[in-house]
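Reader: I would like to learn how to read a model of several chains, feature by feature. Could you take me through it slowly, giving the general idea before each case?

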Amino acid sequence: MKQYAYYPGCSLESLAKDYQLSTKEVARALDLELKEIEDWNCCGATAYFPVDEMLAYTLVARNLAIAEKTGLTDFVAPCSACFKNAYYTNAYLKKDPDLAEHINFALEEDHLHVDGKLNVRHLIEVILEDVGLEEIKTKAVHPLKGLRVAPYYGCQLLRPRKDHENVENPRFFEELLSAIGAEPLEYSSKARCCGASLIITNRRAALEMVRILLKDAIDHEADVIATTCPMCNVNLEVYQNQVNQEFGTQYSIPVMYFTQLMGMALNIPSRRLGITKEPVPKAQVPVPS
Amino acid sequence: MNAKKKLIIIDDDPDFVSGIKSVLEKAEYNVDAAYNPKDGFQALQAGKYDLLLLDIMMGRGAEGVALARKIRKDPKLREMPVLIITGVREQIAFLFPGQAVHPNFVDVDELVEKPIEPKLLLEKVSALLKAAEEKKLQPQ
Amino acid sequence: MAVELSFSKEIANMMYATHGNPITNCLQCGTCSGTCPAAEFMDHTPRVMIGMIGADLKDEVLASNTYWTCASCYHCTVRCPAGIDIADMMYALKRYSMWKSRYKEDLIGPDFSEGFVKMIVNSGKSFEPILATTYLPKFSASQLVQEALTATGLVLKGKMPLLPKKIKRLKNFQRMVKRIIPLGGSS
């Protein structure tokens, strides 16, 4: 069983408990051993860079250092923002010896040292690359037949990385959804921004950004939107009411973590995946007579 | 009179730099300036300076601290007097409100806070230069 | 006395670490503005912002909401044909205005960032309800009601815990922070 240094990030302890639950269940079912690193701290999200970028790297570096100490080679984050911060800090530590030296000076206070030698990966990449589509297909004993899923990539899972397979039109999420028997739908907003923390700092702008995503998914007759990031999930799910109030729309569409959908296909009971209401393919909903 | 002393300012704020540069030049110092730590360190390595006036908040963050530490580790630059002139308390005051710039993060010779009076600046500079001369004359 | 450093160089100096091309390479093609999902909420589009920096319009740049309206989606960055890391430039501008304490009064972004950083320095973790105290005062009455309903809803749904967590080695963590930011007694 392959082991990973697992960094859940703050959201998975609060707003995204359902992501945490479903991640653990799915990992177990797929024989991935996620070992949560001890005493990790917040990655700083996007709010740190406007104040002090050096400190932002240091915060992330502490988590990387704790992970390096375990001897494991792969650092896995389920949150796209945490992933992006860890990915870049790790890369900069390798590339910039002065930065690494100074950050290690600070890390001494917690008896830690970082080299920047980890493979930093997002959870969805680990599942796709280390488990593989064939294995997923085999294990998906309860394929999500007829369920139209809008795969929502968001931003920081893909960008600003340019070494990605296809930063403008990635396909890996669609492939994963097909492997669990769902029907991934084609829509143009799949990597358009959800507004992220603008939901707090510029509510109007973020609601408009969320509205565009909801509209695109609903226009394409999605039964559910699937996400890979707590921030995206919360913006798309929790703020639907506010979008409806602001724009006079009547959107109501379930938003789920990709791990919850995978869990359903792997035949894990809904409550263990943090699912309160299972999405049903529209085609199967009986029309009231 | 001795040859003019050569000073270098590393500070990202062009207005501040031009202000103290003119004060120092009127007092017969030769003054160079660099506006980011990377250029600053290159200049330090290339030219021979008698004193460094160093800012803290630059570039990505408190890079002046990192630079001061790097200088103290460099065998050629280790002995250079470093005067830190910082507005860090103003710049990120909210983080530790009312608390002092703490003195022991790195071995620098003096630390003063912006804004700095021209008279005080000149006093500090000449005192540091004098101390450095005396140190040089002392048998190791 | 004449300023010896152009504004675009000054901003470039705040982002040199990312190894992106300098903003003076901008072709003014507008790919960034066309790509930006938040452009319509900005006083100036990203393309105009870069032009303003090039034209040394420092006061106008500091008075703009543009960079506080950037959601860091990096779409502009990956598309820029001149290879400029525009999203990173937005961070540099945020930093520039934070360090000078000069930004539009009605912006929530600076308070949000301050609150976030403070919260992490105090506990090592981020926690929504505590963070809210930093930005809620700037909300309108109707927004406050909405926010309260949303928050209550989240707690009721079991999505939100009522108490924040702290990391275990908080003292070490805070000393680590002070080695990076030389402020406060070295307890």
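**Reading the chains, one feature at a time**

Author: Chain C has 10 helices and 0 strands, and its pattern along the sequence is accordingly written α-α-α-α-α-α-α-α-α-α. Please keep in mind throughout that this is a predicted model.

Reader: How much of chain C is buried, and what share of its contacts with a separation of 6 or more joins residues 24 or more positions apart?

Author: Of the 187 residues in chain C, 44% are buried. Among the contacts of chain C with a separation of 6 or more, 57% are between residues 24 or more positions apart.

Reader: Where do the buried residues of helix α3 of chain C fall when one looks down the helix axis?

Author: The general idea comes first: an α-helix has 3.6 residues a turn, so residues three or four places apart point the same way. In α3 of chain C, which covers residues 46-54, the buried residues are C:Pro46, C:Arg47, C:Met49, C:Ile50 and C:Ile53. Viewed down the axis of α3(C), these buried residues fall within an arc of 160°, so they line one face of the helix.

Reader: Which helices do the buried residues of α3(C) pack against, and what follows just after α3(C)?

Author: The buried residues of α3(C) pack against α1 (7-14), α2 (31-35), α4 (58-62), α5 (75-79) and α6 (86-99) of chain C. Just after α3(C) comes C:Asp56, which takes a positive phi of about 60°.

Reader: Now to sheets: what is the strand order of the open sheet in chain A, and which strands stand at its edges?

Author: In general, the strands of a sheet pair through backbone hydrogen bonds, either parallel or antiparallel. Here the open sheet of chain A has 4 strands in the order β6-β5-β7-β8, with parallel pairing. At the edges stand β6 (183-184) and β8 (255-257) of chain A, each having a single partner strand, so one side of each is left without a neighbour in the sheet. The partner of β8(A) is seen in the bridges, 3 of which join it, in parallel, to strand β7 (residues 224-227) of chain A; across this pair, A:Ile225 has A:Val255 in β8(A) as its bridge partner.

Reader: How is chain A divided into domains, and how many residues does each domain give to the contact between them?

Author: Chain A is divided into domain 1 (2-123) and domain 2 (133-274), whose centres, taken over C-alpha atoms, are 24 Å apart. Domain 1 of chain A gives 22 residues to the contact and domain 2 of chain A gives 23 residues. On the side of domain 1 that touches domain 2, α1 (17-29) and α3 (80-95) of chain A each supply at least two residues, and α1(A) has the largest share, with 9 residues. The residues on that side of domain 1 divide into 12 nonpolar, 6 polar and 4 charged.

Reader: Which residues touch the most other members of the largest nonpolar core?

Author: That core has 201 residues, and A:Tyr7, A:Ala86 and A:Leu261 touch the most other members; helix α2 (residues 53-69) of chain A gives the most to this core, with 11 residues. Leaving aside residues up to four places away in sequence, A:Leu261 touches A:Leu144, A:Val149, A:Ile180, A:Ala182, A:Ala226 and A:Met256.

Key
Residues numbered from 1 in each chain as written. Chains lettered and ligands numbered in written order. Predicted model: local features only at pLDDT ≥ 70, side-chain atom pairs only at ≥ 80, totals over all residues. Core = buried A, V, L, I, M, F, W, Y, C linked by C-beta atoms within 7 Å. Buried ≥ 20, exposed ≤ 12 C-beta atoms within 10 Å, placed from the backbone. Contact = placed C-beta atoms within 7 Å. Pairing = 2+ DSSP bridges. Domains from an automatic or database assignment. Nonpolar A, V, L, I, M, F, W, Y, C, P; charged D, E, K, R; others polar. Arc of directions from axis to C-beta.
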